[in-house]
Amino acid sequence: MSNDKKIPDCVGPVAVPTTPSWKAPAGSWDTIFHVLGPQDRYPYWPQRLYTPPTATLEQYFAMLDVFGIDNAMVAHATTQGPGNDIYLGATASAQERLVAVIRLDETLTALEARRLHERGVRGTRFGFHPMAGGKFNKAALEHVVKVTADLGWFVQMHVDSRLLPQLQSWIASIPANVVLDHYGRVDISEGMEGESVRILLELARLPHVWIKLSGADRVSLKGYPYDDLKPLATALVETATGRLLWGSDWPHTGYFRAEDMPDDGLLFEAFIRLVPNEDDRVRILRDNPRRLLGLAPDSAGT
């Protein structure tokens with residue numbers, strides 16, 4: 001249990017995920033996962049909304065092996081607060097497999113950014129969703145984009161879809177690649193004609209906006225196999241196949257009952273169902289992340 005009884009404990013990921021029906025091609029990427037704790041080494045943020053169990057790199061890599069995915073982006077989680085040591089430690093221990101997407105603010109200097117780049121950082125994540133305790137900070141994002149302009153970094157946003165109407169023109173103007181987490185957290189109950197879905201699809205047409213097909217469990221209202229996301233996934237593939245990404249979102253913080261925790265294998269199986277064309281899946285898993293990161297095409301795809 002957590003030391004502060006006012007902060008609820010949440011459950012950890014499914015220990016042995018279901019083996020999906022299709023294996024990812026060599027060179028594939030998971031574009032969002034988190035490492036957490038242990039708290040005696042990487043203390044949790046006192047203002048967090050919940051306390052997850054420790055989630056180690058070793059546990060994560062064991063899950064990736066089930067899917068055949070080689071590479072990943074370890075991303076900042078609000079649970080850990082403003083510190084980045086845990087993510088930099090992860091990339092240092094697995095430089096051949098990981099890059100980091102960390103939390104930064106208005107204090108970032110050009111010199112610090114270059115040093116972080118040398119340590120495997122390739123993007124910054126801004127958690128604007130209140131579910132995880134995030135707050136909108138436009139000034140910080142704009143400062144980071146300006147300071148890192150020559151490094152080719154992207155900015156990643158976890159937004160509340162209710163913010164999309166007021167953010168749309170601003171996102172369109174950002175002079176860097178923008179990655180929107182978890183289907184933009186749209187309100188799928190509104191259907192394909194809903195405002196948040198409409199805005200997401202409009203943003204998806206912009207050449208610098210990338211959409212992450214992650215967090216199906218958080219966006220769907222029906223649970224596995226998340227068929228209510230099918231029209232949206234189809235529209236995104238038709239609109240922006242070359243700027244779609246996939247992410248596991250492991251270890252799925254914020255779940256408080258084991259029966260509610262999504263099975264990572266079934267989440268990947270849902271991705272297979274939602275993107276039925278294998279060529280599209282290969283682009284999303286292998287080719288698109290490499291382009292986002294400015295890497296040369298994978299030899300496996302030539």
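Mentor: Let's begin with residue classes: Ala, Val, Leu, Ile, Met, Phe, Trp, Tyr, Cys and Pro count as nonpolar, Asp, Glu, Lys and Arg as charged, and the others, Gly among them, as polar. The model is predicted, so local features need pLDDT of at least 70 and side-chain atom pairs 80 or more, while totals for chains, interfaces and linings use all residues. Numbering runs from 1 along each chain as its sequence is written, and side-chain values use heavy atoms, without hydrogens and water.

Trainee: How do the lining residues of the second largest pocket divide into nonpolar, polar and charged?

Mentor: By those classes, eight are nonpolar, four polar and two charged. The pocket has a volume of about 260 Å³. Of its 14 lining residues, the closest to its centre include Arg-41, Leu-57 and Glu-58; by the class rule, Leu is nonpolar, while Arg and Glu are charged.

Trainee: What makes a residue part of the lining?

Mentor: A lining residue has an atom within 4 Å of a pocket point; on a 1 Å grid over the protein atoms alone, a pocket is an open set of points where a 1.4 Å probe fits, with protein on both sides within 12 Å along at least five of seven lines. Helix α2 gives the largest share, four residues.

Trainee: Why do Glu-202 and Arg-198 count as a salt bridge?

Mentor: The rule asks for a side-chain nitrogen of Lys or Arg within 4 Å of a carboxyl oxygen of Asp or Glu, and the N to O distance here is 3.1 Å, so the pair qualifies. Both residues lie in helix α6 (residues 195–204), four residues apart, about one turn of the helix.

Trainee: What does the salt bridge between Arg-273 and Asp-227 tie together?

Mentor: Their closest N and O atoms are 3.3 Å apart. Arg-273 lies in helix α9 and Asp-227 in the loop between α7 and α8, so the pair ties together parts that are 46 residues apart in sequence.

Trainee: Asp-287 pairs with Arg-286 in a salt bridge. Why is Arg-286 called buried, but Asp-287 partly exposed?

Mentor: Buried means under 20% relative accessible area, exposed over 50%, and partly exposed in between (1.4 Å probe, protein chains only). Arg-286 has 9%, so this residue is buried; Asp-287, at 25%, falls in between and is therefore partly exposed. Their closest N and O atoms are 2.8 Å apart.

Trainee: Which residues do shared partners join into one network?

Mentor: Arg-125, Asp-181 and Lys-212 are joined by salt bridges that share partners. The count of salt bridges comes to 10.

How values were computed. Grid points are joined across faces, edges and corners, and a volume is the space filled by probe spheres set on the points. Helices (H or I, at least four residues) and strands (E, at least two) are DSSP runs, numbered from the N terminus.
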